[in-house]
Amino acid sequence: MGARRKAIRAGILFIALLVISGVVLMYRGNDAVFLATQKKDGILTAEQIKLSFDSVGGRLINEAVREGQEVKAGQVVMELDPTDTNLAIEKLNAQIAQLDAQIQSTTGTLNTSLFRVTNDEQQSFRQIDSQRGAVTAAKATLANAELDYRRKAELFKEGAIAKAQLDDSTMALRVAKANLDTQQQLLDRLLAGVADTGMTDSLRLPTIQQERASAENIQNDIAALTQQKKMLEVQLKELEVAKSRLTLRAPEDGKILSILQKQGEMISPNSPVILLESRRVYYDIYLSEEQAVNLREGDEILCRTVAGDKQIRGTIRLLTQAPGFADLKQSREKGQADLSAFQVRIYVDEPENVLAGQTVTVDLD
């Protein structure tokens with residue numbers, strides 16, 4: 001009986017010690033649940049970029065990188081066949097050169113036409129001046145003929161001259177009137193309906209105006225050719241941009257993870273061809289609302305790598321409510337469901353000192 005009592009006593013003592021130890025651990029905050037709320041683990045993850053040819057396609061003729069290769073920003077990684085684009089550029093250059101020749105030729109025609117109009121206008125003005133002088137002379141001749149006729153008519157009444165002399169004076173008067181009418185008609189024809197103001201250089205002759213309008217209309221042809229040239233130049237720029245896009249370059253430093261298309265294959269526009277691992281490294285941790293309320297985007301966070309125990313500084317870029325799967329995590333005290341978990345994404349400030357895939361620990365104490 002004594003041995004049995006000793007065994008019972010020892011069992012009771014062991015259970016009491018276990019209960020007391022559990023209570024002490026719980027109140028001291030060293031239980032597993034408490035430790036889980038104070039230390040958070042995350043996996044360092046590098047952002048991945050899918051590279052593609054922007055809005056162009058064709059046959060892949062140069063695969064300039066291999067998987068696992070480190071690349072620098074701007075380095076050529078792939079090239080498409082530029083033959084068709086080069087031919088289209090040459091064709092547009094020829095069309096632009098042809099339009100340049102047409103513009104020069106039409107401009108020459110315009111200058112010649114304007115010179116001809118100016119010359120015709122000056123000649124018309126001089127003819128008008130000359131004809132105006134002829135009209136003045138015809139008027140003077142008519143005035144003399146009228147004076148001679150009146151004088152001879154008086155002499156004929158007095159019987160001082162013969163009838164033949166009066167007839168000659170009458171004929172001269174008629175000829176002078178006819179000549180004045182003829183000269184006036186020629187002047188009117190030169191004026192073409194424009195009122196004669198006596199200021200020749202200010203006249204706007206319809207024939208000259210028509211010639212000038214025809215010459216100025218050539219300017220519209222030049223403007224149309226110029227606009228057509230501009231349209232072709234825009235198309236040329238588009239082709240040059242498309243040609244530059246046939247060469248795919250690394251947008252930033254990184255490592256080639258996977259080559260999705262091989263040399264010789266036909267590549268569709270905007271189709272991913274390379275998977276690039278960037279130098280932007282981050283890790284995610286999930287916190288309760290009591291822990292997240294004290295954090296802000298832009299705050300610095302320190303963590304340590306599990307392998308090597310290296311301290312790493314990071315910056316919070318994202319602080320938001322966690323997605324639905326987080327409510328399955330039991331990280332709150334007393335094992336409560338983490339219904340109000342927050343996702344914290346932290347970007348490493350010096351990614352060159354770590355490797356993607358490493359595990360890091362954040363001590364929130």
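Predicted model: local features only at pLDDT ≥ 70, side-chain atom pairs only at ≥ 80, totals over all residues.

Trainee: How many residues does α5 have, and how far does it reach?
Mentor: Helix α5 covers residues 206–245, so to speak a run of 40 residues, and spans 59 Å from its first C-alpha to its last. That is close to the 58 Å expected at 1.5 Å a residue.

Trainee: Which residues are buried in α5?
Mentor: Ile 208, Ala 215, Ile 218, Ile 222, Leu 225, Leu 232 and Leu 236.

Trainee: And what do the buried residues of α5 pack against?
Mentor: They pack against α3, residues 83–157.

Trainee: OK, α4 now. What's its span?
Mentor: Helix α4, residues 163–191, has 29 residues and reaches 42 Å between its end C-alphas, close to the expected 42 Å.

Trainee: Which of its residues are buried?
Mentor: Among them are Leu 166, Leu 173, Leu 180 and Leu 187, along with Ser 169, Thr 170 and Gln 183. The buried residues of α4 pack against α3 and α5.

Trainee: What follows α4?
Mentor: Ala 192, with a positive phi near 55°.

Trainee: Switching topic: where is Glu 277?
Mentor: In strand β9, residues 272–287.

Trainee: Is Glu 277 buried or exposed, and which side chain of opposite charge is nearest?
Mentor: Glu 277 is buried, and the nearest one is Lys 255, 4.1 Å away. A salt bridge needs the charged atoms within 4 Å, so Glu 277 has none.

Trainee: What else does Glu 277 touch?
Mentor: Leaving out residues up to four places away in sequence, its contacts include Ala 46, Glu 47, Asp 253, Lys 255 and Ala 356.

Notes: Residues numbered from 1 in each chain as written. Heavy atoms only, no water. Helix = DSSP H or I, 4+ residues; strand = E, 2+ residues; numbered from the N terminus. Expected span 1.5 Å × (residues − 1). Buried < 20%, exposed > 50% of the residue type's maximum accessible area, 1.4 Å probe, protein only. Contact = heavy atoms within 4.5 Å. Lys, Arg positive; Asp, Glu negative; His and termini not counted.
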